[in-house]
2 protein chains.
Amino acid sequence: MDKKIPYKIYLDEQEMPKQWYNVRADMKKKPAPILNPATLKPVTVEELEPIFCTELAKQELDDTTAYFDIPEEIRNFYRMYRPSPLVRAYCLEEKLQTSAHIYYKFEGNNTSGSHKLNSAIAQAYYAKKQGLKGVTTETGAGQWGTALSMACSYFDLDCHVYMVKCSYEQKPFRREVMRTYGAQVTPSPSMNTEVGRKINKEFPGTTGSLGCAISEAVEAATTHEGYRYVLGSVLSQVLLHQSVIGLEAKSALDKYGIKADMVIGCAGGGSNLGGLISPFAGEMLRGEADYKLIAVEPASCPSLTRGKYAYDFCDTGKVCPLAKMYTLGSGFIPSANHAGGLRYHGMSSVVSELYDQGLIEARSVEQTEVFKAAETFARIEGILPAPESSHAIKVAMDEALKCKETGEEKNIVFGLTGTGYFDMVAYQKYNDGEMGDFIPSDEDLAKSFATLPKVD
Amino acid sequence: MDKKIPYKIYLDEQEMPKQWYNVRADMKKKPAPILNPATLKPVTVEELEPIFCTELAKQELDDTTAYFDIPEEIRNFYRMYRPSPLVRAYCLEEKLQTSAHIYYKFEGNNTSGSHKLNSAIAQAYYAKKQGLKGVTTETGAGQWGTALSMACSYFDLDCHVYMVKCSYEQKPFRREVMRTYGAQVTPSPSMNTEVGRKINKEFPGTTGSLGCAISEAVEAATTHEGYRYVLGSVLSQVLLHQSVIGLEAKSALDKYGIKADMVIGCAGGGSNLGGLISPFAGEMLRGEADYKLIAVEPASCPSLTRGKYAYDFCDTGKVCPLAKMYTLGSGFIPSANHAGGLRYHGMSSVVSELYDQGLIEARSVEQTEVFKAAETFARIEGILPAPESSHAIKVAMDEALKCKETGEEKNIVFGLTGTGYFDMVAYQKYNDGEMGDFIPSDEDLAKSFATLPKVD
């Protein structure tokens, strides 16, 4: 083993990024604008302000400013868990007997267990700065809700989380972490909102859905004085905040003179992938370097590999702006895949446009092989990965095995977005040999594509 | 805030300890020898060999060698999660408005979630080196079992964990982490061992106890060719391995010219406390420096503050060697305290002797105030602490508040042994206001003291 490069490359605190990077600024062809669902015209900051914090609405629509200063308060919070390590996977390399050099950027070393905290603290900060009382959001698997609870507790903001009822009941520990951080967690659909009451009446006994929880959270924000709605993925502002992942990874590689050959990330709404690849894609867009950028998605929810590039609703309640994105249609109901964070019908418009321009390639993988890769990784690298992150592990291992055949010493970098400590039900299914694979049929997709709005 | 000292002090990998430190070597009055339960005479390496790996048996009995080289294979494993950060708790200091400087050594950034991995990997290594097939152990709360599963998976060793039946049923996620790492997890008492069958017959429907699980694990090790028994706390070999915590903490402080005024650790069997304070106690023993060393234990299981210093059985099955230690008697049954790792009737003989010599002081704290401190810490420092670790947080906060009154700028260092991600049932009880405090009465203790053997 070549130990000149340490197992974990840590940046010093003074080497941490002082600015976020907005990859849209370097795109000649920009992502299509998001549309007001009522007018189908590009939405303005003013139109977004009743829903989002003003500063965040501005970030959302700004596709020309390349760098945004990270406020000192946010950098101080980042210092509690960042810089995150870029880990050289020496043990995995040896296990695979590969000539490739494998690196992963590990975002799971914080209590939220994932990268979500990077944007949660930014969104909470701008809400606090605007003098708001609190924020509302939805959560499915619970990673985003946990991250936001932590961020709000730090800035002493109210945090109301609408948690999909089946998760609320099946993941009591996630719920309790949020409560420990002082969040008010409500199973959705609830009787607190008009939309919740309507859905409860229409579908008695329903265990809820993410789409419904979003609608409840948006209604709660817009009908309560001093509250705004916040979201943990898909949005361009979120990718902006998450660029801290890629910027740190890039700096850590540069520190040791390592040139990445490929950068791999799992992709659900695109928050992690977009953040990780942004600075690499930026260099490609500016013609400074070339990388192979790979998005990995579950075969059960294949928005990039089998979706259409079209305007679609971001939520099933159809209250949020429309975005042009690779999508399976907002009516798509993903199967019971255990990577809850990747069960989204669409994809960030920034990632979608980069994919459409050919800067990113996409792969879809099935969950049993993902868990097999997760198990191998856990046993040899000592970290029990989140099911979502394990999608990237699977493809990184595949690529490393290709290098083994060719003898190439490629530098493979992937994003390890989080830990799987709250996903043990999924691991149990895998351990018991009871995990299945679910791939939507062409007929299924044709049905959900029929839910696409007629816009362009 | 004085930011010259970073939020997290990381040592470079080349600054990691290359040797473990054995504090017994610097003690003029040594801990009393452990005794063979059959002969009541000091046990020999030969007598320990059927139970323990030979190298570990030697480490157990060696009270004169000050430093033991850490084998390179173990150091390579350490590099995956060590050096662990020494964190300056700037946010907690501001929250408390204290003049004290608070530091914590955080051992929770690994999948086992605690410091237990430091010794697990050492014990697995020596078992592998001896050519054994595998090891057996017991686990209560599950931290040790998880750590050992990870270590055995790394060295490709069989790992049989006897898990107290009530934990096996109530903590399915801990069980699944161990299974993911390839361990065979058996609810104890089982029908696999003579002692298990006997207990099941005698007490039908019993949900088990740690003492019973130890007896099963020892029987399984001694009746199967190529297996040995390993233990995660109490033993002097474990404290030796855990000295890596204190050595790193000391180096990190030295790097920034910080002189600790006090070092605080939670104490169950003594593995974390002993490891953390060893190098500090060593300086005191050699007359080089003075520190206030504080052991914190639960009021529900107060071996140091209310126990007797006497020879006692280490296990309720009475198959292990006897040790002289502060003990409540092996018949002591601790109440349903949520800090499972601190529910042990005795205390490491090294820690006990240092306490008896006046080098360590001890405090006992009640669990509701411990969880209150845990909640405060989680909200402001961003880490959800293990209930065990939170005992140290509570006393560190108390000491910081004393400094606030006096205006002293003391340097307070405490051990944050792990995270509480698998302890959310306890947090839920606290969140719901349903947590109680349990303090044994003098009558309870008199009864359990009556179970002490007549030795000295």
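Trainee: What should I know about the conventions before we start?

Mentor: This is a predicted model, in which local features need pLDDT of at least 70 and side-chain atom pairs count only at pLDDT 80 or more, while totals for chains, interfaces and linings use all residues. Residues are numbered from 1 along each chain as its sequence is written, chains are lettered from A and ligands numbered from 1 in the order in which they are written, and side-chain values use heavy atoms, with hydrogens and water left out.

Trainee: What rotation superposes chain B on chain A?

Mentor: A rotation of 180° does so, with 0.0 Å of shift along its axis and an RMSD of 0.0 Å. That is the relation of a two-fold axis. The superposition is by least squares on the C-alpha atoms of residues with pLDDT of at least 70 in both copies.

Trainee: And which residue of chain B comes closest to the rotation axis?

Mentor: B:N109 does, with its C-alpha at 3.1 Å. The same surface serves both copies, as 100% of the contact residues of chain B recur in chain A. Contact here means heavy atoms within 4.5 Å.

Trainee: How many residues does the contact take from each chain?

Mentor: It takes 43 residues from chain B and 43 residues from chain A.

Trainee: What area do they bury between them?

Mentor: Chain B and chain A bury about 4100 Å², with 55% of it on carbon and sulfur atoms. Buried area is the accessible area (1.4 Å probe) that two parts lose on being put together, summed over both.

Trainee: How many salt bridges are found across the interface?

Mentor: The rule finds two salt bridges between chain B and chain A, each being a side-chain nitrogen of Lys or Arg within 4 Å of a carboxyl oxygen of Asp or Glu. A salt bridge joins the side chains of A:R179 and B:D432, at 2.8 Å from N to O.

Trainee: What about residue pairs in polar contact?

Mentor: The count is 27 residue pairs between chain B and chain A, both residues at pLDDT 80 or more. A polar contact is a pair of N or O atoms within 3.5 Å; within protein, one must be able to donate a hydrogen and the other to accept it, and residues adjacent in sequence count only if both atoms are side-chain atoms.

Trainee: Which elements give two or more residues to chain B's side?

Mentor: They are α3 (72–81), α6 (143–155), α8 (172–180), α15 (367–381) and α17 (424–431) of chain B. Helices (H or I, at least four residues) and strands (E, at least two) are DSSP runs, numbered from the N terminus. α8(B) gives the most, with six residues.

Trainee: How does that side divide by residue type?

Mentor: The side of chain B that touches chain A has 21 nonpolar, 10 polar and 12 charged residues. Ala, Val, Leu, Ile, Met, Phe, Trp, Tyr, Cys and Pro count as nonpolar, Asp, Glu, Lys and Arg as charged, and the others, Gly among them, as polar.

Trainee: Back to α8(B): why is it described as largely enclosed?

Mentor: Seven of its nine residues are buried, so α8(B) is largely enclosed by the rest of the structure. Buried means under 20% relative accessible area, exposed over 50%, and partly exposed in between (1.4 Å probe, protein chains only). The buried residues of α8(B) are B:F173, B:R174, B:R175, B:E176, B:V177, B:M178 and B:T180. Just after α8(B), B:G182 takes a positive phi of about 85°.

Trainee: New topic. Where is B:D423, and is it buried or exposed?

Mentor: B:D423 lies in the loop between β15 (411–416) and α17 of chain B, and at 10% relative accessibility B:D423 counts as buried. Leaving aside neighbours within four places in sequence, B:D423 is in contact with B:K171, B:A386 and B:P387.

Trainee: Which peptide bonds are cis?

Mentor: Among them is the bond from A:R82 to A:P83, with omega near -10°; A:P83 sits in the loop between α3 (72–81) and β4 (86–88) of chain A. Another cis bond joins B:S188 and B:P189, with omega about 5°, and B:P189 is in the loop between β8 (184–188) and α9 (194–202) of chain B.

Trainee: What is the phi of A:Q97?

Mentor: Phi of A:Q97 is near 55°, a positive value in a residue other than glycine. A:Q97 is exposed, with a relative accessible area of 56%.
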